[in-house]
Structures are given as C-alpha cells and as structure tokens.
Amino acid sequence: MNYFDKENKIIEWFQNVEPSSVYFPIETNELVSVFESIHDEEKWKCWINNSRKSDPPPDFYCNELRLMMDVMRVDDHAYKNKKGKLINPTNARESRMQKELQESGILDLFPNVKNVICNAVTDLPTEQDHNFKFYKNNFTRVIDEHKRKIDFYKQNHPEFKIIFFICDESSAYFEIAENVKPNIKKGEIAQGRPHIHFLDRQFLQVLVHSEIDYLIWYAPYKMINLEGGNVYDMPRAAIYDCSQMDFECLEYDNNRLVSAEE
C-alpha cells in the first residue's frame, strides 16, 4: 500500500507544516479557525475519521464545527492511456516497494519507526515520467470526480460546510523565458519564473461556482533550485474560502512550463 493511501497519514504530515509556510489569499478569522481545527493536533481531536473503505463519504467530519472534509491526492505522473485507463507508474512502483519492505521483515528491526516513505523512481525520461499536462489534467479530473459526490456528502451531513483537502504530490514547475528552448537538459540553468500553483487561474477556475466551501491545497514537494545553490521554497499550503475568490490570479503559457525536478 502506498503511504499516502491513508488519509490520516496525509493529515499528520500537514500538521507538521510551519504556520509561517501557510498562505491565505484572503485571510479571515473564519478561515483561520478552519485551518487551525485541522492543523492543531489538539483541536483535530474533535474530528471523526470516516475514511475507511466501508464508511460513507466524506473522509472526516466534525459535529462541533459543522464541517466535513474529503481528502484527495493529485500528482503530475498519472495519465489516461488510449483505452481510458488511469496509469500511474510512480505510485505503482512505490506500492510495490512498500510491500517488499514490509515482507522483508526489515521494519521489525525498528519498532519505534512509525513512518516510512519510499521514493520511487521509474527510470522514465523526465518528460514521460511527469509533466505539466499530466499535472493539470490530473488536478481537474480529481476535483471534478469529488465535486460529483457533493450531493452524497450533504445527504450524510446536512447543513455541514464542505472542505476539499488536496494533497498535491507534484514537483515544482517554472515557466521558461521565451528565448529558452523547451528541451532543457539535466544540470542546465535556465531563465524563467516560478509557477505559483496556488494563484494559477486555470487551476482555481475548477473551484469557482462549485459547492465547495473551503479548499486546503497542501503541496509538500515544490522547491526550485536557483543559481548559486539557493532554493526557491514556496508555501507548503494555501487555504481558500471558495466564496471569496476575487483576488488577483496569474496566467501562464502551458507550453513553456517545465518541471524544476531533474
């Protein structure tokens, strides 16, 4: 089983994010309260874990706050083949590695180690392993699939507000300058601007005019190596009130967006 297949593990990781690395496009007391109820381990105790396969959706709910939350994963590896089947070589390899590790008995030698994450490498060329087209299509597909379940959520928890929690496992991207050729080779330095995913209009428009009340966009792996050994490290999470999405967004040329990961 893939480590992040368990929704509660995703929340545990999110709770380790420094508050200074959380971005609010429009900050309100209500939105901060929603964030703290999930991020603060003590306040999180009021939430009910409803994420077992036999449980009706959504994954978590809090009677005290009249909130419910569904957790979903997005990456830049998954794609649909010609037959319409969803393929994700990286997740498949990671799951095999997790299984092999468990069956080997090695983990029994370290009983105090709770969390082990396998960094799967597919050996595919970078553009085939992950790319911006996969990322955008996967983001839209996952959000739309969960939006179609909202009526079911409301039947199970009437009058509760809905939180979508996205665990974004994609790498960072940057938009290369117009004078740079798209086929950048490993180790090369290229001029461009970072892809600020949480302000990208084409991603956020998937959320507009939906029945989603709040969005938590958690992206733990987005870092860009800069010239001189410096690192451009983006916020680990962005928190939105979906009724207040009238802040300034950014536009990008998708054909010039390349992964910052070698």
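**A quick tour**

Guide: Let's begin with Arg 66, which has a relative accessibility of 40% and so counts as partly exposed. Keep in mind that this is a predicted model.

Visitor: Okay, and where is Arg 66 found?
Guide: Look in the loop between E3 and strand E4, where E4 covers 67–74. The backbone there is worth a look too: Arg 66 has a positive phi, near 55°, and it is a residue other than glycine.

Visitor: Which other residue has a positive phi although it is not a glycine?
Guide: Glu 159, with a phi of about 70°. Its place is the loop between helix H6 (150–156) and strand E7 (161–168).

Visitor: Is Glu 159 buried or exposed?
Guide: Exposed, because its relative accessibility is 71% and the cut-off for exposed is over 50%.

Visitor: While we're on the backbone, which residues does a cis peptide bond join?
Guide: Pro 57 and Pro 58, with omega at about 5°. You'll find Pro 58 in the loop between strand E2 (48–49) and strand E3 (60–62).

Visitor: Let's go inside. How many residues are in the largest nonpolar core?
Guide: It has 41 residues, and Phe 164, Trp 217 and Tyr 240 have the most contacts inside it. Helix H5, residues 132–147, gives the most to this core, with 5 residues. Apart from it there's another core, of 26 residues, including Val 22 and Ile 216.

Visitor: Why would nonpolar side chains be buried together?
Guide: I can only give you the general pattern: in soluble globular proteins, nonpolar side chains tend to be buried together.

Visitor: What does Trp 217 touch?
Guide: Leaving out residues up to four places away in sequence, the list includes Tyr 135, Phe 139, His 197, Arg 236 and Tyr 240.

Visitor: And where is the place of Tyr 135?
Guide: In helix H5. Tyr 135 is at 0% relative accessibility, so it counts as buried. Setting aside neighbours within four places in sequence, its contacts include Val 74, Asp 168, Tyr 173, Trp 217 and Lys 222.

Visitor: How many residues apart in sequence are Tyr 135 and Asp 168?
Guide: They're 33 residues apart in sequence, and their C-alpha atoms are 9.5 Å apart in space.

Visitor: New topic. How many salt bridges does the count come to?
Guide: The count comes to 11. One of them joins the side chains of Lys 43 and Glu 36, at 3.2 Å from N to O. Lys 43 is partly exposed, at 43% relative accessibility, and Glu 36 is partly exposed as well, at 32%.

Visitor: What does Arg 201 form a salt bridge with?
Guide: Glu 251, with the closest N and O atoms 2.6 Å apart. That pair links distant parts of the chain, 50 residues apart: Arg 201 is in helix H7 (residues 201–204), while Glu 251 sits in the loop between strand E13 (237–241) and strand E14 (257–259). Arg 201 is partly exposed, with a relative accessible area of 38%.

Notes
Residues numbered from 1 in each chain as written. Predicted model: local features only at pLDDT ≥ 70, side-chain atom pairs only at ≥ 80, totals over all residues. Heavy atoms only, no water. Core = buried A, V, L, I, M, F, W, Y, C linked by side-chain atoms within 4.5 Å. Buried < 20%, exposed > 50% of the residue type's maximum accessible area, 1.4 Å probe, protein only. Helix = DSSP H or I, 4+ residues; strand = E, 2+ residues; numbered from the N terminus. Contact = heavy atoms within 4.5 Å. Salt bridge = Lys/Arg side-chain N within 4 Å of Asp/Glu carboxyl O.
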